[in-house]
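Please examine the sequence and the structure shown below before reading on.

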Amino acid sequence: MTEQAAFYTIFVKGWKNNMGEQLMKGIRVIDFTDFLAGPYIGMYFADMGADVIKFENLRSGGNFVRNARPLEKKSGLSMYFQNLNRNKRGVALDLKTEDGKKLFSKLIQSADVLIENNRPGVMDRLGFGWKECEKLNPRLVYASISGFGQYGPNSHRPGYDLIAQAMGGSMSITGWPGMEPTRAGMAIGDMFAGLNVGIAVCASLLKREKSGKGNHIDVALVDSIVSGMEAKLMQYVYTGVSPTKTGNRYITSAPYDSFKAKDDYFVIASGTDKHFAALSSMMGMPELTDDPLYCDTENRMKNADSLKKIIERWASDKTAREAVDAIDAVGVPAAPIYNCEQICRDRNITEVREMLVKVPAPKSHPEISELTVIGNPIKMERTPCQYFKAAPDLGEDNEEIFLELGFSEEEIIRFRENHIMN
């Protein structure tokens, strides 16, 4: 048995075997969201054991992204939707009717958390803004996600990830000098906002244990990007100089960049003088540490272009993997640049760290037995995330949930006949 296999058997399987306790068991979350930010944090809560109820508008046919690509080949299911809404139960109602409002009010009274990402004012017009929901359930933690926040001159404007990256500043520093402004390849505005909501929800639930009162959380996509600008924004605030695009180069360290080998690119993240000394020695050029051009971080940053040429000459007869292995062997951070295929082939990521996992396919699609989704990056020994249910069909759990809330089977039949629920 190899050392890696032994580690996997003893350590990782030990974690997997401890599957009893769930961190958020007993917490009910209403996920009244579409697209990415809200469903993303709702997925985290569901993986941790919360009873997350996916609410969808019956009149509009449910979430817009139910038909978003990529699609599972046999069933045609949207894997965009499936990945973000696994482990959730599903409710679909017509909130434009009095009975629909009655049903949703009962659901709110049973909940600990409501997450919504409608444009500011929409929930008020439906009769379920923060003030009304607080009356229904004073312990409710109510989280609102929007492009620009719940107040301010831009609050009425629609906001998506691209808008957030544009106005939050990240596009101005992404790419190479001379390029047009470029967005990050991932929807970082949505994901930052979703994670910010998760932090605020957990803190509010903790505070509620002492105060008995809920909270209204207001998270904007633009604010979330601005908060992630960290040292870049501080550079302008304290120097008056706006940072510009630097490609893969970091503005506070060198060599901290991508480099070309004979077959592909790789990255080095040398953050200290110790790292640089080890790298120089490994390349057979220990004298670089005494060179005035490269002797310390400040000078390496000033002369990053010439230093990059030196490193790429060293790597020119090596594959990217060979270069990375040599650099890694002396304790300097380095890595290949993976595409999605390479991620899926890396067993440490997909299997050992469980970043690709299986969930049972929806019962409405017997032609498939399971679906592959992205695993949760949070690993916890005593309360591991679990994967047990595909995303719900539209209104899949209407009957189960509203029977739990005290409605009779006769009432549910009447609601269906009147097209208030499906």
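Two strands pair if DSSP finds at least two bridges between them. Helices (H or I, at least four residues) and strands (E, at least two) are DSSP runs, numbered from the N terminus. The model is predicted: local features need pLDDT of at least 70, side-chain atom pairs count only at pLDDT 80 or more, and totals for chains, interfaces and linings use all residues. Residues are numbered from 1 along each chain as its sequence is written, and side-chain values use heavy atoms, with hydrogens and water left out.

**The three-stranded sheet**

Strands β7, β8 and β9 form an open sheet in the order β7-β8-β9, with antiparallel pairing. Its edges are β7 (256–260) and β9 (334–336), each of which pairs on one side only. On average, neighbouring strands of this sheet are turned by 25 degrees against each other, direction ignored. Here axes are lines fitted to C-alpha atoms, for helices over the stretch in contact, and angles run from 0 to 180 degrees between N-to-C directions. Phe259 has Phe266 in β8 as its bridge partner. Helix α14 packs on the sheet and touches β8 and β9, where contact means heavy atoms within 4.5 Å.

**The six-stranded sheet**

A second open sheet has the order β3-β2-β1-β4-β5-β6, and its pairing is parallel. The edge strands, β3 (89–93) and β6 (215–220), each pair on one side only. From one strand to the next, the twist averages 20 degrees. Five bridges join β2 (residues 51–57) to β3, and Lys54 stands opposite Gly90 in β3.

| α14 (residues 320–329) | β8 and β9 | about 15 degrees with β8 |

Beyond its neighbours within four places in sequence, Ser280 is in contact with Met285, Pro286, Leu288 and Thr289.

**Confidence**

The predictor's confidence in each residue is given as pLDDT, from 0 to 100. The chain has a mean pLDDT of 95, and 95% of its residues reach 70 or more. Over residues 5–11, however, pLDDT stays under 50. Where pLDDT is low, the predicted coordinates should not be read in detail.
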